Amino acid sequence: MSTSEQVNDDTASSESVHQNQYLTFLLGDEEYGVDILRVQEIRGWDSVTTIPNAPAFIKGVINLRGTIVSILDLRERFGIESVEYNDLTVVVVLRVKGTDGDKERIMGVVVDAVSEVYHISEEELKDAPDLGYAINMDYMKGMATVDEKMIIVLDIDHLMSLKDIDAMEKSGSVLTEG
Amino acid sequence: MARILVVDDSASMRQMVTFTLKGDGHDVVEAGDGVEALACAKVDTFQVVITDVNMPNMDGITLTRELRGLPNYRFIPILTLTTEASTEKKMAGKAAGATGWLVKPFNPDQLLATVKKVLG
Amino acid sequence: MSIDMSQFHEAFFEESFEGLEIMESELLDLDVGAGDVEIINTIFRAAHSIKGGAGTFGFMNVSEFTHVMETLLDEMRDGSRGVTQFAVDSLLQSVDVLRTMLEAARDKTDVDEEMVAERYATLEAILKNEGGEAADAPASSAPTQEEVSTAPGNNSGWKIDFVPHPDLLMTGNNPVHMFKALQEIGELSAVVNLDKLQPFTEGSPEDLYLAWELTLTGSATKEDVLEVFEWVEDECDLSVASLDGEGKAAPEPEVVAAPVVPAAASVAPAPVAATPAKKAKIESKQKKTPEATSIRVGIDKVDEIINLVGELVITQSMLDQAGDDLEALADSVSSDGGETQKANAEILLRLSKGLAQLERNTRELQEGVMRIRMLPISFVFSRMPRLVHDLSSKLSKKIELVVSGEETELDKTVMENIGDPMVHLVRNALDHGVETPDIRVAAGKPETGTLNLNAFHQGGNIIIEIKDDGAGINKAKVLAKAVEKGLVSEDDNLSDHEINNLIFAPGFSTADVVSDVSGRGVGMDVVKTSIAKLGGTVSVSSEEGKGSTFTIRLPLTLAILDGQLVTVGSESYVIPLIAIIESLQVDRKRINQVAGKAEVYKLREHYIPIIRSREVFGLEDDTRDLHDSLMVVVEVEGAPAGIIVDDLQGQQQVVIKSLETNYRKVETMSGATILGDGTVALIWDVNGMVNVHKRKLNRNTTRA
């Protein structure tokens, strides 16, 4: 079955220790980073229950120790070509704070592999240039260079916001054409 | 300090009285009506009995009479709680053998002082 | 010591509201005229309790208000006042006022002072006018003794002659304690008088033969001194004189002394006559059971346990599968022969048996735990007599309420939320259903209409019926209104049942005059939505001229569901059994196409829409021939629909998990569950499925 590691407890003391630390993971050729304080655990990939009529980037839901948690496919979200998921595929479970004062949710993202934990200070985090339509700029907190690698630091709350689904449902484009 | 039986069909009153008495170091057992109280009194020994008058199943006056009929309780202080200050209720209690009374509403200090008075 | 009284407030409010319910139901039970003393006593005690508690915990307005009610009831119970309809009605209304006062106190909001004052004045007027004596002002402190206290300043102390009667000890009073009390208010010296002392061989060892001369110096007043001896006024001869020679003996207390009961034999074994006989009630009314055998538990604690048991059920199902495998393994192992093999097989079998036992235990634990949250529906039914009473007089109709099955139990939360919809249905039955007496007589019916409330268990559900023998639903009117509102078209071939159930459609109302009782057309569909939120359904059956029966179906608990497992595509889903009417295999010959794309199925006498779940879910392969496919017929909004699934699996109880906690609401799904193998299965919301199907159909047909 799946193994999982707890990454951290979100206590006040660990917050100061872990500030500006980012967990990075790989998607294709690129390396992305997320605030480590938001990472609840890392699991192996396991089967997912699909949700009818959900947008393609929502892979489905899984059973996380008795709680139902949805899984996002970042490749779909970013428009990168998809791959087969296998034993090595990893799911990063995140604590997402809603934008607009929504309550906190637990959601997971599917990634190719987990990379490292880096410390990136405020100064090192640069604004990303406008990449046009390729990536919605809301999703990015910025970019940084670590060990000669470029890390794209993500804004979890915007990235995982479900407002997009609401909007899509309203316009009727969620329902796949018969 | 003392082991006290508190009898009242109102749970909130019981709670208040019990809390007050326990806070002063007493041991308290609660009963919801005269029948329960009598049963408790028979299997346990109390130094003081505090009882409401108006209760279902068996009222405080009858309870007092019944308690006085038990060998262990002939001289034990029995206090009635009554909302009326009218002499009629007080006298009915006394006629049944009660030691004295406390008039509702009373505050915790009055309760403790009265219990102290009766324990000496 | 200062104690925070507010910690007792919750208990006080709880028991006070219960007390008000008792008062109300007993008042409704009270016969005008003589009035059963026991009933009046019960009402009196309830009011008395509320008054006492209110005074103790500082809610003086409640205490004062209740005092007037109590006085009135007191007069009724000792016979000095008769029970009049006006008095009973006034008391009923006072109960309402008292309820709002308590609610205001509990919620820390303001109360309508005018209303309170008005109601208070009415009660006082009754007390002053009709029979009985004028109400006493709320009891003031005992003014039994004349004021003889001298100015404390001048007095140096008191000379107290205390001669207790021999039986003073019988009252549990102890002179020594009294002396200690005196010591707290001054300097005390005492001289004992042994004159009356009896030789040991005579007299009774329990009698008191001592007397004392006490001297108390200090600033205590005479009142202070008399207070110490307050309780034993009748059991002693007491005189208190100022040491300075002023004032004379304190007057004997003027209280009407009950004759001093002599000696030890005074405690006559009084028969337990005071136990009020419980009146045997012929009608079905909920009785308050004594509190002695129950405890109050916070509902969050109960829910916590229910959650844990839910988890246990899931784990149990996982072990279940393993258990089956173990048995099979045991078989194959033992058949391989050999002693060690047989021994191993033994072990495996024992394990498998153990798991089977665990399953039974878990099942029983689960049922037991569910029952903790279950309460008899009488808590809801008890609102009805008052409602019927008030409404029937308001509407000038004669209605008798017959209740049965009130001991039927259901989940506490479900019960809390079913009250309002039920009230609305009852109002509706009384307002629109039951006719006025003259119409009834003209129709050959008895003048008094009957409203039946019935509840019973059926399968894993509770069924509540609200039945009246009134005019029934006017189908023609309903259909016309529905057509007018565009809810259906004239050509729709609707069955009688379907027409009747149109009253639950949004925006529907056929009241000619929007009566303030239940008109306005926002009623029935809100009732339906409220019930749907609880996982239940409501429907009506009616016969014109004879009456209508509203049937509410509710699951017994909210957390657990009996479900039918089905497969669609590569996923398993759960359909709530409560929504399923039946399942069948499709016969091609019974399928018809309507208006191009919609498919209907001839199920016995009616046509029901066919919904292809694959299509609703946007999966491929949804145009195949349906012959021999499996169709689950569900009930949606009172009307059946047939949903095509790929396969039917077993039925099982599932624990409902929320989708919305970490994801969002999904239109076609009401929740999710975790199956025995640990995977997630979504639970259908058949209403949602039908809506999505309709939307797709509309879009496809408009595009065509």
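Visitor: Let's start with a cysteine: is C:C236 buried or exposed?
Guide: Quick heads-up: this is a predicted model, where local features need pLDDT of at least 70 and side-chain atom pairs count only at pLDDT 80 or more, while totals for chains, interfaces and linings use all residues. Residues are numbered from 1 along each chain as its sequence is written, chains are lettered from A and ligands numbered from 1 in the order in which they are written, and side-chain values use heavy atoms, leaving out hydrogens and water. Buried means under 20% relative accessible area, exposed over 50%, and partly exposed in between (1.4 Å probe, protein chains only). C:C236 has a relative accessible area of 3%, so the call is buried.

Visitor: How many disulfides does the structure hold over all chains?
Guide: To count as a disulfide, a pair of cysteine sulfur atoms has to be within 2.5 Å. Over all chains, the number of disulfides is zero.

Visitor: On to charges: how many salt bridges are there over all chains?
Guide: Side chains of opposite charge can pair when their charged atoms come close. A salt bridge here is a side-chain nitrogen of Lys or Arg within 4 Å of a carboxyl oxygen of Asp or Glu. Over all chains, the salt bridge total is 39.

Visitor: Where do A:D73 and A:K59 sit in chain A?
Guide: Helices (H or I, at least four residues) and strands (E, at least two) are DSSP runs numbered from the N terminus. The two residues are 14 apart, so to speak, in distant parts of the chain. A:D73 is in strand β6 (residues 67-73) and A:K59 is in strand β5 (residues 58-64).

Visitor: Which residue meets C:R612 in a salt bridge?
Guide: C:R612 lies in strand β17 (residues 606-612), and its partner, 13 residues apart, lies in strand β16 (residues 598-603) of chain C. Both residues are buried. At 2.9 Å, N to O, the partner is C:E599.

Visitor: Which residues does C:L626 touch?
Guide: C:L626 is in the loop between α17 (613-616) and β18 (630-636) of chain C, and it is buried at 2% relative accessible area. Contact means heavy atoms within 4.5 Å. Not counting residues up to four places away in sequence, C:L626 touches C:V586, C:I591, C:E599, C:I610, C:R612 and C:I644.

Visitor: Which helix do C:R386 and C:D390 both lie in?
Guide: These two form a salt bridge with the closest N and O atoms 3.2 Å apart. C:R386 is buried at 8%, while C:D390 is partly exposed at 34%. They sit four residues apart, about one turn, in chain C's helix α11 (residues 384-394).

Visitor: What is the order of the open sheet of five strands in chain C?
Guide: Two strands pair if DSSP finds at least two bridges between them. In this sheet the pairing is mixed, and the order is β20-β12-β13-β22-β21.

Visitor: Which are the edge strands?
Guide: An edge strand here pairs on one side only. That makes the two β20 (647-655) and β21 (669-674) of chain C.

Visitor: What is the bridge partner of C:G671 in β22(C)?
Guide: β21(C) and β22 (residues 680-684) pair in the antiparallel sense over five bridges. In β22(C), the partner of C:G671 is C:I683.
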